[in-house]
Amino acid sequence: LINGFNRETLYPLDLTDKLSFEYLEIEGVPRVKLTDGEIISFPIQQAQIALAYWDCFIKHKDEEALKKFVVISEALIDQIDDQGRIDTWSKIRPDSSKYSSMTQSLVASVVLRYELFFQKKEPTLTIKLMNSIVLDKCFKNPTNGGLEEIPDSQNPCVLNGWLYSLFIFFEYEQIHDNDSYKNFVSDQLSLLEKLLPSYLCPYGSFYDLGSNYASPFYHDLHIKQFILLNEVTDNRFDYFYSELMKRNTFYHKTTMFFKKGLQKLKEPIFNEIQG
């Protein structure tokens, strides 16, 4: 399921399995129905489905998939504010920051393809989205500076969200060199390297730097993401990848499945959209 960077313009991590799940759609745009019945835009979902349609187009020359990609891309662009930020959490987590670095990166990956290959223009809006990740404090942990999928959470620095947040910078590097982006990513990778031991537990990995265990699904996702990260960092994170693989046996997965289930029963917060 690994696409890799700069392979026929595919998104680095294959998201096409997202299309196998049923989801609500209004005028071609995915929506989420909350437990109170309110229907909202959830741009993480929208961006991932757009990228899944993009990959379908690239792989199979599927013109219908391209049309769907364009519809969702334009809906996402309509949600970007004047500062180049896109609201993710205000409807779901009103006590959190509205913004998510993961959303910014995923949407920027969508808009990069839309601008380059559909509009056939310089990726100016993509750059605006990326500059927000680099410059705006709302995307970073106030204590350590790591990129935050869920700002202001009691369980900081969601690992898969942090890694997703970095992907756009490696994609953009295939097009243009940018020293400020390179310096930013270098600092993020150094911080990530320093904190990675805290994401390991005896039977798997942690979802974040709180006490939230990663389910077997998210442990597998961590493995796939570190394959990608090693691809573009000259295997800098090979040790952590090997530690993840050591914890990827049937025994480890079964144990973590029960530990994660028990955690969700004891601590209802972990039944939210996470972990």
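**Helix packing and salt bridges**

Author: The model is a predicted one. Angles under 35 degrees count as roughly parallel, and α3 and α5 are therefore roughly parallel to each other.

Reader: At what angle do helix α3 and helix α5 pack, and how far apart are their axes?

Author: Helix α3 spans residues 101–118 and helix α5 spans residues 159–173. They pack at an angle of about 30°, and their axes are 8 Å apart. The crossing in which α3 passes α5 is left-handed.

Reader: Which residues of α3 and α5 meet?

Author: On the α3 side, the residues are S101, M102, S105, L106, A108, S109, L112 and R113. Their counterparts in α5 are N160, G161, Y164, S165, L166, F167, I168 and E171.

Reader: Let us turn to salt bridges. How many does the structure hold?

Author: A salt bridge is read from a side-chain nitrogen of Lys or Arg within 4 Å of a carboxyl oxygen of Asp or Glu. The structure holds twelve salt bridges. One of them joins the side chains of E171 and R113, with an N to O distance of 2.5 Å. Since E171 belongs to helix α5 and R113 to helix α3, the pair ties together parts that are 58 residues apart in sequence.

Reader: Are E171 and R113 buried or exposed?

Author: Burial is judged by relative accessible area, with under 20% counting as buried. Both E171 and R113 are buried.

Reader: What separates K246 and E243 in helix α8?

Author: K246 and E243 are three residues apart in helix α8 (residues 238–246), which means that about one helical turn separates them. Their side chains meet in a salt bridge of 3.0 Å, N to O. E243 counts as buried because its relative accessibility is 9%.

Reader: Which residues are linked in a network of salt bridges?

Author: A network of salt bridges links D81, R85 and D136.

Methods: Residues numbered from 1 in each chain as written. Predicted model: local features only at pLDDT ≥ 70, side-chain atom pairs only at ≥ 80, totals over all residues. Heavy atoms only, no water. Axes fitted to C-alpha atoms, helices over the stretch in contact; angles between N-to-C directions. Helix = DSSP H or I, 4+ residues; strand = E, 2+ residues; numbered from the N terminus. Parallel < 35°, antiparallel > 145°, perpendicular 65-115°, else oblique. Left-handed = near helix turned anticlockwise from the far one by under 90°. Contact = heavy atoms within 4.5 Å. Buried < 20%, exposed > 50% of the residue type's maximum accessible area, 1.4 Å probe, protein only.
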